[in-house]
Amino acid sequence: MEDSCSSSSPPQSTGEGDLQSPSHHQCQSLINIVNEIAVIGDYRRTHRKDCMTLVRRIKLLMPLFEELKDMASPPHEAFFSSVSSLEKALLSAKTLLQLCHDGSKLYLVVEREAIAGWFVQLTEELDQALDGLSYNQLKVSDEVREQVELMHLQLKRSKGRADTQDIELYMDIMIALSQKDGRNADSAVLERLADKLQLGTVSDLTVESRAVEKLIKERGGDLGETAEHILYLLKKMKGMQGIGSLGGDKIGFDSLSLSEVSLEKISSPVCPEDFRCPISLDLMQDPVIVATGQTYDRLYIQRWLDSGHKTCPKTQQVLPHLTLTPNYVLRSLIAQWCENHGVEMPNKAGSSRSDSSDVSFGNRTSIDNLVQQLYSRQIDVQRAAAEEVRLLAKRNADNRLLIAEAGAIPQLVKLLSSTDMKTQEHAVTALLNLSIHSSNKGFIVQAGAINRIIDVLKHGSMEARENAAATLFSLSVVDENKVIIGASGAIPPLVDLLRDGTVRGKKDAATAIFNLSIYQGNKFRAVRAGVVPPLIALLVDQSIGMVDEALAILAILATHQEGRIAIGQQSAIDILVELIHSGSARNKENAAAVLLALGMNDSSHLLAAMQLGVFEYLIELAQNGTTRARRKARDLLNLMSKQEHVP
């Protein structure tokens, strides 16, 4: 900002004719920044609370700046240092708030710890800057002074704290980023993430893609693992919408490194917006016009329509007809642009579909015939049909819609009770794959599947039990289903699988239990089903690689009184202390969170932890842990300082 003054020394007067005091310019700069912050507008849902709190506090400083601006002369030299510090903090706040207003939603989530740390740092910087202002020497009104002092007190009380982390969001991110076995269960998590982040439409994903591309360019392609995570999640979310890969998805996923691809994109000719498909954001290969007059690349708009959509992706208007008219003029312009800029003209798409997708796009009859075979009285025919439906439902979203429309779900639900174990296994896995599509979740529940899935979870083969757990997890993404599934008796057999299953089975059970426990009424069901001992066992046997999952579930159970009692009875304090001492950064963070929940309700847990030497571990964690870990460690240290037996 041109009129900002960043010097820590007072500006010199230019002559006797100056009509404004030296402090006037600096204070006017602060006023300008506050005004710019005030008009930024709405903020991303994930950080809205922190942003609104920060903006509210900053605006409370405006009356102070107005009165200080008109001072004849500053009361002390330190005034300029404080104002300069305030200006630096406000400019940083403006940058953060702008990022939370129109920046990449996925970046804000993946880098949630760094963003939370930024908010904490700003609170500390504002507090320190205001400490340098001597209110006794400033000639401001009593009303303004009281207002600023109250705000200053709020800063001191909140210093070192950030908004409580959304543990469900954390768990969803952790699951979504784990590429464990190639199954589709994690798509249920992606659906919930897309809903929370408002990335559920083509338009939303288009805007997000541009924000990600802008971010990569601004950082010079140097985002490392963060970009890999963002692009992976973005690619998955686009795949859920049936629109394939969009511009930029190749970054980090082909043979080139992230920085090489990013720099190549930055130095390449900028494609005119009108030449990009609104769905893929790529240079159009075969532009066609839909009924609303909008132009899309044929491949992507055809996928959109074949997925069952009847609207224009860009305008959301209902299409009066589905005719696609070639846009020869635009294709000619694209060809000319490619020739002028040395860019290879893309070939027409449409000939690259695999055999697996041919069924979903063009051969509804094949699926109808396959579904009819599910009703066969011959077990081997049923088994083969169920297996084929399972495989087709796994391949893409279009198949899931067509299979459901063909009436497969009610019969698959009946096959869950088949005496043939393989047929049962194929049926439950087919339902798992079909449940990825949000509309199919309702059809599956309405068909009476939950009780039968629970029976499979109890008595099926190990693979069938694993997939039954994954199906319950997928269905429980819908909040009302959490209540139904919990009340239907799913949690005890999930706990059995967590205790006795394979590694994959344990992970499926853990994700389902976590998701169900988000509903308050299921917490005590999980505790009474005996979930705490196997969770503690997973903390002890770290070779299974489920410490994060176990700690996340324990943290959510610790918000319930019965959960805290059960965890305390398991003599878990020594394990938590050891994880705080020598665990991974994430382990330390979650172990501290569990210990804090226990200690806030029973001081004996704090005393036990202190006797095990946790105090010095917490001091280290408060200095060098993640943002959330530092916050939890400071809260624990504050609690412990109030105990009589501080080591």
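In this predicted model, helices H33 (residues 603-611) and H35 (residues 627-641) have axes that come within 10 Å and cross at roughly 100 degrees; axes are lines fitted to C-alpha atoms, for helices over the stretch in contact, with angles running from 0 to 180 degrees between N-to-C directions. The two helices are therefore roughly perpendicular to each other (65 to 115 degrees). On the H33 side, Leu606, Ala609 and Met610 meet Leu636, Leu639 and Met640 of H35 (contact means heavy atoms within 4.5 Å). The residues of this contact divide into six nonpolar, no polar and no charged.

Turning to aromatic rings, the count comes to one pair, where rings of Phe, Tyr and Trp (its six-membered ring) pair if their centres lie within 6.5 Å. Phe275 and Trp337 have ring centres 6.3 Å apart and planes at 75 degrees, so the pair is edge-to-face (over 60 degrees). This pair links distant parts of the chain, with Phe275 in the loop between helix H12 (258-267) and strand E1 (287-289) and Trp337 in helix H14 (residues 328-341), 62 residues apart. Phe275 counts as buried at 11% relative accessibility, and Trp337 is buried with a relative accessible area of 11% (buried means under 20%, with a 1.4 Å probe and protein chains only).

As for the protein as a whole, it holds 35 helices and three strands, taken as DSSP runs (H or I, at least four residues; E, at least two) numbered from the N terminus. Of its 647 residues, 52% count as buried.

Residues are numbered from 1 along each chain as its sequence is written. Local features need pLDDT of at least 70, side-chain atom pairs count only at pLDDT 80 or more, totals for chains, interfaces and linings use all residues, and side-chain values use heavy atoms, with hydrogens and water left out.

Conventions:
Angles under 35 degrees count as roughly parallel, over 145 as roughly antiparallel, 65 to 115 as roughly perpendicular and the rest as oblique. Ala, Val, Leu, Ile, Met, Phe, Trp, Tyr, Cys and Pro count as nonpolar, Asp, Glu, Lys and Arg as charged, and the others, Gly among them, as polar. Buried means under 20% relative accessible area, exposed over 50%, partly exposed in between (1.4 Å probe, protein chains only). Rings of Phe, Tyr and Trp (its six-membered ring) pair if their centres lie within 6.5 Å; planes under 30 degrees apart count as stacked, over 60 as edge-to-face and the rest as tilted.
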